[in-house]
Amino acid sequence: MSLSPLPPVDQIKALYLGKDVEDLPAPSAILDVAKVKKNAELMLDAVHELGFSFRAHVKTHKTLELMRYQVGHDTKDARIVVSTVAEAEFMTPALVEYKSRGARVNLLYGIPPGPSTIARLAEVGKQLGEGGFTFMIDHPAQFVVLNKFKELAGFAACAFLKTDAGQHRAGLAPEAREMAELVSQVAELEQNGVVKFLGFYTHNSNSYAGNSPDEAMAYLQQELDACREATKNLTQTRATPLVISVGASPTALSIQNILPTASSSSTTASSLKDVLQLTTSNFELEIHAGVYPLFDMQQVAAQSRSFKTDPHDNIGITVLAEVCSLYPNRLEQQEALISAGCLALAREPCKDYPGQGVVSQWHMPAEYQVSKDGRLIVKRISQEHGIVGFENPSVTGHQLPLEYGQKIRIWPNHACITMAMYEWYFVVDSATATPDKVVDVFASCRGW
């Protein structure tokens, strides 16, 4: 059976369900549903226990199945963030289903909107109904989108004001004159029925540079401080609390360090608890995050929460690759060529090591360990292939524990970029007696 052009996912399932990972084409994306479910449940349990709201970012996986794990299958409050119009259209039928079961739904288009997006997004808004669609606003020129949305959808969209917590990805500094002016202008638009002012939203991408739970909690406090500073631009008392929406996966994961069952008693944890208490007494606090259900090498490096076991055990996505050549004598250190390069792994760095992925223990010799002294990494990549070797440059004269034709599974650096390269994910379940058996295939949303 030819896989080009791409067949429907049902045909992929018919071809591969029940097969062993060893028999899959390489490269392939392998998703361990047991690990994904556990990571998603830990996040939901944390936000619910702390009394926060939650918004799931779906850009990492772009699948309906994982979105349901993130928000909860039986939730009465299904909030998501998307990064493309295609994702919004793809997720909308599932949100409509949640709404039919009595859930409150809201879809946030997570980047400041361009005018070319409005017709398609207004159609999404009409399907979700009033209160179901939110824009990200950080410049008054974008008001044309708010006006056009109301014209096309028949009701006003909600809006977050994007707040810059210091990373300068998007948004306005909370103390900037432009932010004060924007708050005033959006409040006026709300009075005229053009928009519903939802609150302030930030994302601290600097948190990926952290190395400990305390650093992740400190970055979360930066997010909270930025949004609370932005609220000082409000000049009128509101009937309902505004939402402060904060989070990147490291900062969102860090809330698990302040649960009653957590062992953290640091000054940082105490300070964060005080800021959270102050924030929730005046505002609705919403946590948002995306990559955490899949986890990846960047998340391992950030160490944003305490782990009782090896943090690599939380990674739910691997890339299956095949050893296509061996170079025992080409350099001082032995290397191998694999069938996974930039387009299979992505060219994302990880601050913890100088490579594009780490070879997991799967199907490796019993003595192989993923400690830095002995693990294999993808050292260099071209478009369609990569070079694997020992991470430690002092490891010379050692036999590379790989054979021609061997399949290996690689932990990627950044799951968001890696997963975007695949049209579907082969699903396995490590909680079963047959952890290498394909139990499902999840289709990914494509395009923009």
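Phe149 is buried, with a relative accessible area of 0%; here buried stands for under 20% relative accessible area, exposed for over 50% and partly exposed for what lies in between, with a 1.4 Å probe and protein chains only. The model is predicted, and local features need pLDDT of at least 70, side-chain atom pairs count only at pLDDT 80 or more, and totals for chains, interfaces and linings use all residues. Residues are numbered from 1 along each chain as its sequence is written, and side-chain values use heavy atoms, with hydrogens and water left out.

Phe149 belongs to an aromatic cluster that also holds Phe133, Phe135 and Phe155. Rings of Phe, Tyr and Trp (the six-membered ring of Trp) are paired if their centres lie within 6.5 Å, and planes under 30 degrees apart are called stacked, over 60 edge-to-face and the rest tilted. By this rule there are 9 aromatic pairs. In one of them, the ring centres of Phe133 and Phe135 are 4.9 Å apart and the planes lie at 75 degrees, so the pair is edge-to-face. Both Phe133 and Phe135 are buried, Phe133 with 1% relative accessibility. Phe133 also meets Phe149, with centres 5.3 Å apart and planes at 20 degrees, so this pair is stacked. Distant parts of the chain are linked in this way, since Phe133 is in strand E5 and Phe149 in helix H6 (residues 143-153), 16 residues apart.

Now to the fold around these rings. Helices (H or I, at least four residues) and strands (E, at least two) are DSSP runs numbered from the N terminus, and two strands pair if DSSP finds at least two bridges between them.

Val82 has Tyr109 of E4 as its bridge partner.
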